[in-house]
Amino acid sequence: FRIMAGKVKWVTDIEKSVLINNFEKRGWIQVAENEDWNFYWMSVQTIRNVFSVETGYRLSDDQIVNHFPNHYELTRKDLMVKNIKRYRKELEKEGSPLAEKDENGKYIYLDFVPVTFMLPADYNLFVEEFRKNPSSTWIMKPCGKAQGKGIFLINKLSQIKKWSRDSKTSSFVSQSSKEAYVISLYINNPLLIGGKKFDLRLYVLVSTYRPLRCYMYKLGFCRFCTVKYTPSTSELDNMFVHLTNVAIQKHGDDYNHIHGGKWTVSNLRLYLESTRGKEVTNKLFDEIHWIIVQSLKAVAPVMNNDKHCFECYGYDIIIDDKLKPWLIEVNASPSLTSSTANDRILKYNLINDTLNIAVPNGEIPDCKWNKSPPKEVLGNYEVLYDEEMAQSDGTDRDLRARPGQSTGAKGNRARDSGKPVLTTWK
């Protein structure tokens with residue numbers, strides 16, 4: 001398609017269909033071109049080649065790409081957890097109020113990722129944790145795969161040994177000969193709607209990491225399982241109960257091809273406001289935004305902030321029955337294929353709005369611009385966090401103020417008269 005006058009113009013319906021359905025299948029796709037400039041939408045594999053030392057590619061000022069060189073620091077399951085753990089420890093060392101813990105040693109503000117270990121490296125640590133609560137269920141995921149591939153649930157140590165192909169001892173085969181996995185405590189009390197488990201797919205655009213500037217897409221959606229949820233151990237192998245991935249659910253007998261088992265985020269908000277109340281719902285979404293910003297801050301110091309890059313991430317969030325959100329994973333190439341009519345509209349608008357921020361007004365790209373587009377081109381995006389603006393305001397925007405709390409000048413929490421306090425971290 002061509003970018004003209006700030007809008008994405010599809011040349012023909014056939015080209016639109018072919019492009020969207022092949023984003024993930026091709027090595028790279030040249031999106032728009034004329035004699036003056038190129039704009040590319042590339043797969044994660046191609047980005048590795050472009051920024052590889054061996055290839056020697058050099059992008060010119062009028063070329064921009066849709067991934068950061070080492071995006072995997074956030075989008076690989078093991079590296080995401082590693083960076084968040086490092087971020088917590090650094091804040092602790094600095095004495096930051098963000099790293100405050102409760103009497104049980106749990107983070108008050110930064111407890112948004114389930115307890116996770118890397119296998120085989122952290123096997124002994126995992127066993128120690130498992131034995132504290134032997135009745136717990138854990139979920140195993142390969143670090144470098146997507147769409148629910150290779151995921152399974154376990155509730156016995158013997159299942160891990162069987163997986164490791166080393167049942168004679170408690171040790172694992174070497175890292176090099178076995179694909180790395182993460183194992184996380186399974187959220188076995190998810191919020192259910194109609195008896196079914198669901199998660200949120202939210203789109204977040206990052207235009208720069210230093211200073212951090214990110215945008216939240218308002219048109220995210222919920223993905224529902226096709227089979228009613230049960231924590232019963234007899235159903236641990238039934239992925240239609242536990243995994244919300246469309247790539248899995250579409251093969252179920254009860255999959256609905258019209259709505260695809262999806263709800264819009266606005267419908268979820270409406271449902272929660274009517275069943276739980278507006279204040280509780282606002283708090284939930286505020287905490288989801290908080291999680292996203294903190295995860296981005298966790299990787300910002302290690303991210304290669306190349307001026308030619310931007311990125312649209314797909315965040316997967318699960319809400320438990322206490323309305324606490326949990327960050328499950330972040331996707332570098334969220335699916336742009338459409339399974340329903342509503343999907344097609346949403347993803348068309350997502351691509352359109354993303355490009356209008358990356359290349360405002362459809363002008364020739366310039367990687368040297370300040371990456372602060374005018375408000376009128378944001379479309380369905382809204383500014384989630386602007387580090388530069390936060391710093392220029394001269395206020396501590398890093399500490400979230402909850403209802404009944406206000407943030408003092410030094411970041412100490414001060415009790416007020418019980419009136420709700422607006423969040424300040426934005």
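Biologist: Why is Cys312 called buried?

Modeller: In this predicted model, Cys312 has a relative accessible area of 10%. Buried means under 20%, so Cys312 counts as buried.

Biologist: What makes Cys222 buried?

Modeller: The relative accessibility of Cys222 is 0%. That value is also under 20%, so the word buried applies to Cys222.

Biologist: How many disulfides are there?

Modeller: The count is 0. A disulfide would need a pair of cysteine sulfur atoms within 2.5 Å.

Biologist: Turning to the rings, why is the pair of Phe68 and Tyr209 called edge-to-face?

Modeller: There are 13 aromatic pairs in the count. For Phe68 and Tyr209, the centres are 5.0 Å apart and the planes make an angle of 70°. Centres within 6.5 Å make a pair, and planes over 60 degrees apart make it edge-to-face, so both parts of the name hold for Phe68 and Tyr209.

Biologist: What does this pair tie together?

Modeller: Phe68 is in the loop between β5 (63-64) and α3 (72-75), while Tyr209 belongs to strand β11 (residues 196-209), so the pair links parts 141 residues apart in sequence. Phe68 and Tyr209 are both buried.

Biologist: How do you know that Phe117 and Phe126 form an aromatic pair?

Modeller: Their ring centres lie 6.3 Å apart, with 65° between the planes. The limits are within 6.5 Å for a pair and over 60 degrees for edge-to-face, so Phe117 and Phe126 form an edge-to-face pair. Both residues are buried.

Biologist: What makes you say that the charged end of Arg269 sits over the ring of Phe285?

Modeller: The charged end of Arg269 is 4.2 Å from the centre of the Phe285 ring. The distance has to be within 6 Å, and the charge must also be within 35 degrees of the ring normal. Lys324 likewise has its charged end over a ring, that of Trp326, 4.7 Å from the centre.

Conventions:
Residues numbered from 1 in each chain as written. Predicted model: local features only at pLDDT ≥ 70, side-chain atom pairs only at ≥ 80, totals over all residues. Heavy atoms only, no water. Phe/Tyr/Trp six-rings, centres within 6.5 Å; stacked < 30°, edge-to-face > 60°. Helix = DSSP H or I, 4+ residues; strand = E, 2+ residues; numbered from the N terminus. Buried < 20%, exposed > 50% of the residue type's maximum accessible area, 1.4 Å probe, protein only.
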